[in-house]
Amino acid sequence: MRGARIRRWVIILFVLIAALILVSLMALCTGAAGISPARIPGIIYGGKGTGEYSILFDIRLPRIILGFAIGGALSLAGTILQGIFRNPLVEPYTLGISGGASLGVCLNIVFNWYGVIGVIAYPISGFLGAVMVILFVYGLSMKAGTLKTQGILLTGVMISFISSSLVMLIMALSHSEDLHGIVFWIMGSLDEPDMLLVWVAVIGSLGGLVVSFFFCLDLNALALGEEEAVHLGINVERTKRVLFILASFLTGLSVSVAGIIGFVGLIIPHLIRMFTGTDHRILFISAFLAGASFLILCDTLARTVIQPFELPVGVITGIIGGAVFVYALSRRQVSL
Amino acid sequence: MKKTLLSVENVSSGYGGELILRNVDFRVCQGELMGIIGPNGSGKSTLLRTVSRILRPRQGRIHLDGKDIGGMSHREFARKVSVVSQSPESAEMRVREYILLGRLPYFGKYQFFETDHDEALVERYMELTHVSRFKNSMMSEISGGERQLASIARALVQEPELLLLDEPTSHLDITHQVQILELIRRLNRELGLTVLMVLHDLNLASAYSTRLLLMNRGSVFKVGSPEEVITYRIVEDVYETVVLVEKNPLSGKPCVFLATEEDMRKGKKG
Amino acid sequence: MKKLVIFFFVAICLPASGLRPGGPVGLCAETPPGHPYTGPAPRRIISLGQTITERIYLLGADKNLIANTVYCVEPEDARHKEKVGTLLQANIEKIVAMKPDLVIATNLASPRQLRKLRDLGIRVVQFSYPENFEEMCEQFLELGRLLGREKEAEEIIDKTRRDVAAIRMKTAALPKKRVFIQLGVKPLHAVTGESFLNDYIEFAGGINIALRDGHGTYSREKVLKGDPEVIIISTMGSSEGETGRKEKEVWMKYRSIAAVRNRQVYLVNPDKLCSPTPLTFVEGLKEITGMIHPELEIGGAK
């Protein structure tokens, strides 16, 4: 039994890793510059200095790496949250985390913090905004030492409404210059020039994956309900707290580096669960890999479908993800 | 005198500001099969939830094997006490995987996969509880009775010293009621498992329990053998209903008959 | 969240070309004022803005323009240049592949993208949106220096300044009229004192009723209270179409406004008005002057 299951999991992982490599290679080979794939080995062999080498490794590769980190982080955060809340409609954005991050970035733009401390102000303010919301939601939902998951969900939704209203307020009161700064950031893009931030995102999301793995069995038990999990010897409060903070960290990281990219955290965990089942031991890593591939694929499409336009990657994730999701749901007749 | 396994000392407990249990005090001995009975709202489930550490007692202490349960880690407690709840969740997982979760309290900190020993235990208890025939079905697709059996198998896999059950036979037909209670009795007799279970049905409680605990308004009304607890005086007092208590001709255990208003009018005339 | 994004788009499209610019002070972001660039004239230029493209053509440097944005449609020849994106989002990869030696952007370009280009060793110059006529002239001269066409730039600016001065001479003597220029419909957006377009009103001999109203979201009530003698509607993108005409009809219902009684409610093409080159500024000014003071005989007024 165990042997058969592990064999199945290895196959799933193998397929997902192969898909990730394939998608990444595809992303490396496609783009507006029209470099034919056949010439790529030659360009790589030729080494640094040429414009084409620069396009491959200074423009395309960083986007692929960031797509890997952000896609993985968002998808993992979604998996964790859906596991804690036992609610398939929860995603990183439902908890108000992204709303808080947007608010942080808007404030940064309006009060010109980026003028003081440089571009790094964007991710920092986004992350601080996310943290503020997390603390707020968390504080409101803590009652007598236990975290009320239903309460958290409602509070989160409300907070996200409040923060989007505040963002609109800021926009209504701000000048066009600030406005379009906000829009750029909100649209979401993997176009991050600062390689340090890219690597921070990679390390952060992979670190999140490692930490989450220590809680996969706890989440399996939580699928039976919180009381059942207690009966199985799970420290439910600690698990919820750690995982909630972890998911918030992953979301805050993604939102503050890449802006708002929706749907990945909602759709990918779902689709993957259809193949792997609900066992978080395989679900976490599969969702991470699939989210990474999905976002890299979407970004490649975003920068190639309507040339020379570059679409916001969130548009593509929404359209493709939503369509695939509806199709899969109708096929499986899964009730939400 | 048998050794005391569970001692509940002067425990008060409840939700929010409201106290539901007041000064509950009783003992369960090793090898006993104790049934908790009482009217709706008398605090049966609250008592079970307090003993199973879902609720923290406001006052008093609960000892298991002489050790305060409040001081145990979650895992330590789960290795000693397992709980079968009223209606187990219909999670999206296979029956076998579900039962395997019962081995979680025994997993090491960096252990992610079950050992051969775990697998063997799961197979053994699935046989014992007659779960094997549907072990590959999804938990959401089996019947309520089957789910209850699976839940008991999961609890047994935890290899507990004390098994707590909260109305394991509610929502089940008599075939399944008897099947499950017979199983519990066998576990009690053959494995020496100590059982504390809430039962709604007085006759089932009387038939299967070695001792009964009658709750009323959050306090213990009476503890004793079925013959001592189920008398028409006590039952009428606590349940505020007119009943007839006779001996079951087969077992000799007390058996409660309801008296409807019409029956009583006829009875008076006759 | 999606609604929010849509709102953002709408919000930016309306006032994008009419509002006060923020951003760094100075004419262009790369070279501080007073230290003009003195290398060889660039030969492969990419323009990331319609106004910039127009100015390059005006300077006669269009042979060196290798690509521009999809919005660059004036003059006709600019349509046929290679396209590398929009005003807001450019395709970095395509830009790099074209190996430009100078990229000129507006302050609406994505800061991340410009940073990436600079990191890749491409020279990027950014012009902010001019705050007034004088700054526009300075920017034009700066662009001329940048492209090695300083003399042409000076000639054009001299002529522009002379033309503008001539119009101001004529209007200075006339009584000032209260003017309201409307840029957007929903929300109602006014040209205020912070806007570049305010110069049109002042040079044409008018007083802007929204002069001191900070940024431009405005209310009808305030317009009624300001009682303008001239209303000019210049809704983005659709002045020729329905929106502008409908907006005019709306105003025509308010008989208490002097402009309505005098039948001085006009529609103007915003493209010309909002993104001016020295040439179009003079044309626009003539048109506006003709609207505010129809009694003057100025070419361009109808």
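The model is predicted, so local features need pLDDT of at least 70 and side-chain atom pairs count only at pLDDT 80 or more, whereas totals for chains, interfaces and linings use all residues. Residues are numbered from 1 along each chain as its sequence is written, and chains are lettered from A, with ligands numbered from 1, in the order in which they are written. No contact joins chain B and chain C, and their closest C-alpha atoms lie 31 Å apart.

**Chain A as a whole**

- Chain A has 15 helices and two strands, both kinds of element being DSSP runs numbered from the N terminus (helices are H or I of at least four residues, strands are E of at least two).
- The radius of gyration of chain A is 20 Å, close to the 20 Å that the globule rule gives for 336 residues, so chain A is as compact as a globular protein of that length; the radius is taken over C-alpha atoms, and the rule is 2.2 Å times the number of residues to the power 0.38.
- The C-alpha trace of chain A spans about 65 × 55 × 35 Å along its principal axes.
- Of the 336 residues in chain A, 54% are buried, a residue being buried if 20 or more other C-beta atoms lie within 10 Å of its own, exposed if 12 or fewer do, and partly exposed in between, with C-beta atoms placed from the backbone.
- When contacts in chain A between residues at least 6 apart in sequence are considered, 77% of them join residues at least 24 apart.

**The side of chain A that touches chain B**

- Here 18 residues of chain A are in contact with 24 residues of chain B.
- On the side of chain A that touches chain B, the elements that give two or more residues are α10 (216–222) and α11 (226–231) of chain A, and the largest share, four residues, comes from α11(A).
- By class, the residues on this side of chain A are eight nonpolar, six polar and four charged, with Ala, Val, Leu, Ile, Met, Phe, Trp, Tyr, Cys and Pro counted as nonpolar, Asp, Glu, Lys and Arg as charged, and the others, Gly among them, as polar.

**Cys216(A)**

- Cys216(A) lies in helix α10 of chain A and counts as partly exposed, because it has 19 C-beta neighbours inside 10 Å.
- Apart from neighbours within four places in sequence, Cys216(A) is in contact with His280(A), Arg281(A) and Phe284(A).
- Although Cys216(A) and Gly83(A) are 133 residues apart along the chain, their C-alpha atoms are separated by 9.5 Å.

**Strands of chain B**

- All five residues of strand β3 (residues 33–37) of chain B are buried, with Leu33(B), Gly35(B) and Ile37(B) on one side and Met34(B) and Ile36(B) on the other.
- β3(B) pairs in the parallel sense over four bridges with strand β8 (residues 194–198) of chain B, and Ile36(B) stands opposite Val198(B) there; two strands pair if DSSP finds at least two bridges between them.
- β3(B) also pairs in the parallel sense over four bridges with strand β9 (residues 211–216) of chain B, where Ile37(B) stands opposite Leu214(B).
- Strands β11 (residues 243–247) and β12 (residues 254–258) of chain B pair in the antiparallel sense over five bridges, and the bridge partner of Val245(B) in β12(B) is Val256(B).
- The hairpin of β11(B) and β12(B) has six residues between the strands, and within this hairpin Gly252(B) takes a positive phi near 80°.

**Sheet and domains of chain C**

- Chain C holds an open sheet of five strands in the order β3-β2-β1-β4-β5, with parallel pairing, and its edge strands, each pairing on one side only, are β3 (82–83) and β5 (124–127).
- Strand β4 (residues 102–106) of chain C pairs with β5(C) over four bridges, and Ile104(C) stands opposite Val125(C).
- Chain C is divided into domain 1 (21–33 + 42–148) and domain 2 (175–292), with bounds that come from an automatic or database domain assignment.
- Between the domains, 12 residues of domain 1 of chain C are in contact with eight residues of domain 2 of chain C, and α2(C) gives the most to the domain 1 side, with five residues.

Terms used. Two residues are in contact if their C-beta atoms, placed from the backbone, lie within 7 Å.
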